[in-house]
Amino acid sequence: MILGTVKGNIVSTRKCDNLVGLKFLVIEPYYGDKSAVFIAADNLGAGVGELVLITTDQTTQYALGKSAPVDACVVGIVDAPPLD
């Protein structure tokens with residue numbers, strides 16, 4: 001899992017039928033290289049500035065509950081940042 005901050009939204013008017021209903025977010029990793037931003041699907045309703053848990057690779061299909069061409073998915077919204 002990856003801990004990251006939501007930096008923005010991606011809007012797509014045309015997409016694969018399996019992606020309809022999913023929101024796409026720009027995620028900045030909380031730890032490590034801050035310039036390594038990536039896109040994650042979200043069906044939890046996370047917003048800009050929130051800290052989220054992301055699952056990647058094959059586990060995204062389980063998190064989404066359907067087959068979709070997605071390699072990162074929001075699986076949790078963090079209530080409090082970790083203590084450093």
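This is a predicted model: local features need pLDDT of at least 70, side-chain atom pairs count only at pLDDT 80 or more; totals for chains, interfaces and linings use all residues.

Biologist: Let's start with β2. Is strand β2 mostly covered or mostly open?

Modeller: Mostly covered: β2 spans residues 23–29, and six of its seven residues are buried.

Biologist: Which way does β2 pair with β1, and over how many bridges?

Modeller: Strand β1, residues 2–10, pairs with β2 in the antiparallel sense over six bridges. To place yourself there, look at I10, whose bridge partner in β2 is F24.

Biologist: And how do β2 and β3 pair?

Modeller: Antiparallel as well, with five bridges between β2 and β3, the latter being residues 38–42. A handy landmark is I27, which stands opposite F38 in β3.

Biologist: What does I27 touch, away from its sequence neighbours?

Modeller: Setting aside residues within four places in sequence, I27 is in contact with G4, T5, V6, V37, F38, A40, V52 and I54.

Biologist: Which residues make up the largest nonpolar core?

Modeller: There are 10 of them: V6, L25, I27, F38, A40, A46, V52, I54, A72 and V74. β2, β3, β4 (51–56) and β5 (72–77) each supply at least two residues of this core. Apart from it lies another core of eight residues, including L22, L64, V70 and C73. As a general point, nonpolar side chains in soluble globular proteins tend to be buried together.

Biologist: Now A41. Where does A41 lie, and is it buried or exposed?

Modeller: A41 lies in strand β3. Its relative accessibility is 1%, so A41 counts as buried.

Biologist: What does A41 touch, then?

Modeller: Not counting residues up to four places away in sequence, A41 touches L22, K23, F24, L64, V70, A72, C73 and V74.

Biologist: Why does E28 count as buried?

Modeller: Because its relative accessibility is 19%, and the cut-off for buried is under 20%. K7 is partly exposed, with a relative accessible area of 46%.

Biologist: What about rings: how many aromatic pairs are there?

Modeller: One aromatic pair. The ring centres of Y30 and Y31 are 5.0 Å apart and their planes are at 85°, so the pair is edge-to-face.

Biologist: How accessible are Y30 and Y31?

Modeller: Y30 is at 23% relative accessibility, so it counts as partly exposed. Y31 is at 48%, so Y31 counts as partly exposed too.

Biologist: What lies over the face of Y30?

Modeller: That's K34, at 5.3 Å from the ring centre.

Biologist: Last one, D57. What is its phi, and where does D57 sit?

Modeller: Phi of D57 is near 65°, a positive value in a residue other than glycine. Most residues other than glycine have a negative phi. D57 is in the loop between β4 and α1 (59–64), and it is exposed, with a relative accessible area of 57%.

Conventions
Residues are numbered from 1 along each chain as its sequence is written. Side-chain values use heavy atoms; hydrogens and water are left out. Buried means under 20% relative accessible area, exposed over 50%, partly exposed in between (1.4 Å probe, protein chains only). Helices (H or I, at least four residues) and strands (E, at least two) are DSSP runs, numbered from the N terminus. Two strands pair if DSSP finds at least two bridges between them. Rings of Phe, Tyr and Trp (its six-membered ring) pair if their centres lie within 6.5 Å; planes under 30 degrees apart count as stacked, over 60 as edge-to-face and the rest as tilted. A charge sits over a ring if NZ of Lys or CZ of Arg is within 6 Å of the ring centre and within 35 degrees of the ring normal. A nonpolar core is a set of buried Ala, Val, Leu, Ile, Met, Phe, Trp, Tyr and Cys residues joined through side-chain atoms within 4.5 Å. Contact means heavy atoms within 4.5 Å.
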